[in-house]
Amino acid sequence: MNYSEFKMYLLTELSNYAGCDVQVTIHSVRKNNGIILDGLTMHRTERNVAPTIYLEKYWERYQEGVSGEEIVRQIISENEKYSIDRNLNVEEFLDFDRIRPRVMYKLINFKMNRDFLDTVPMRKVMDLAVIYIYEVEDECLLRATCTVRNEDIERWGVTEEELWELASVNTPRNEPAKIKGISETLRDFYTVDGREGEQCFEDLDEMIGLAGMTPMHILTNKSQVFGASCILYPDMMKTLAREFKSDLYVLPSSIHEVILMPVDDAFNPDDLSAMVREINEHEVLPQEVLSDHVYRYCADREVITM
């Protein structure tokens, strides 16, 4: 089967499994950085929400030799895992007073998301954009978040500046920063992830080699989701710069975390940027790339610059 035949096979098999009360569809989903993925939903007529299951990973498994029948079983299992057996309360999405304490921000690349950014309240920070999300107040959704869009703030009667003020308080409180040494983090990641290949280990060795020459730390948040936004926590960056007694280089390893290291004449920012670009190309999912640029936190001015 080619990919088109694979999708049609899944639609047929899953529709036969689900029955007439469930509509099985495949639709295009725009993700971060303009990446388009195929999302499959199995939507029950009596429910107002259904999980989206992305097919690209299952196509990879099929190409690796997993049978079509097994793929169908895995998709059914994933759908059952994330489905909820009741409707969501849509009133929550209309009441800003309930949403107010859960408004947070995240960082994405400005240029890669230019069209999308026209549809949401945002503010530009260097080559990045701050956008706003809020956590859905439903324990069955496992801390799912919604992106705040232009129509939302019109309905709520709030401005981007108000969102920024709320998110500047809520994000550090709801998602406190987490710091870990890079050598330990990378070893753990490659052990758990289990990926192989010369390039990834060369990159790993290069990063660990740098870590042996200068203090390097991973900065993320408690959930390790959208953790690159921690660079906007002013007290966090100020405290780390004071600890290192130096300005800081900020290497954006993904939308979920950054690498921090003290500024040192031994390291050329252009060389560091080249390393970030290499890792983004080979090791980071396209929808999780934050930037190819290295930033600098200036301790005396308490600002981040490119």
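Reply: Start with pairing: two strands pair if DSSP finds at least two bridges between them. Strands (E, at least two residues) and helices (H or I, at least four) are DSSP runs, numbered from the N terminus. This is a predicted model, where local features need pLDDT of at least 70, side-chain atom pairs count only at pLDDT 80 or more, and totals for chains, interfaces and linings use all residues. Residues are numbered from 1 along each chain as its sequence is written, and side-chain values use heavy atoms, with hydrogens and water left out.

Me: How do you know that E1 and E2 pair?

Reply: Nine bridges join E1 (residues 22-30) to E2 (residues 36-44). The definition asks for at least two, so they pair. The two strands run antiparallel. Ile 26 stands opposite Leu 40.

Me: What lies between E1 and E2 in the hairpin?

Reply: Five residues separate the two strands. Asn 33, in the turn, has a positive phi of about 65°.

Me: What span is expected for H11, residues 269-282?

Reply: The rule is 1.5 Å times one less than the number of residues. H11 has 14 residues, and 20 Å is expected. From first C-alpha to last it reaches 20 Å, close to that value.

Me: Why do the buried residues of H11 line one face?

Reply: Buried means under 20% relative accessible area; exposed means over 50%, and partly exposed is in between (1.4 Å probe, protein chains only). Among the buried residues of H11 are Leu 272, Val 276 and Ile 279. Seen down the axis, the buried residues fall within an arc of 160°, taken from the directions from the axis to the C-beta atoms, so they line one face. The face turned away carries the exposed Asp 270, Asp 271 and Glu 281.
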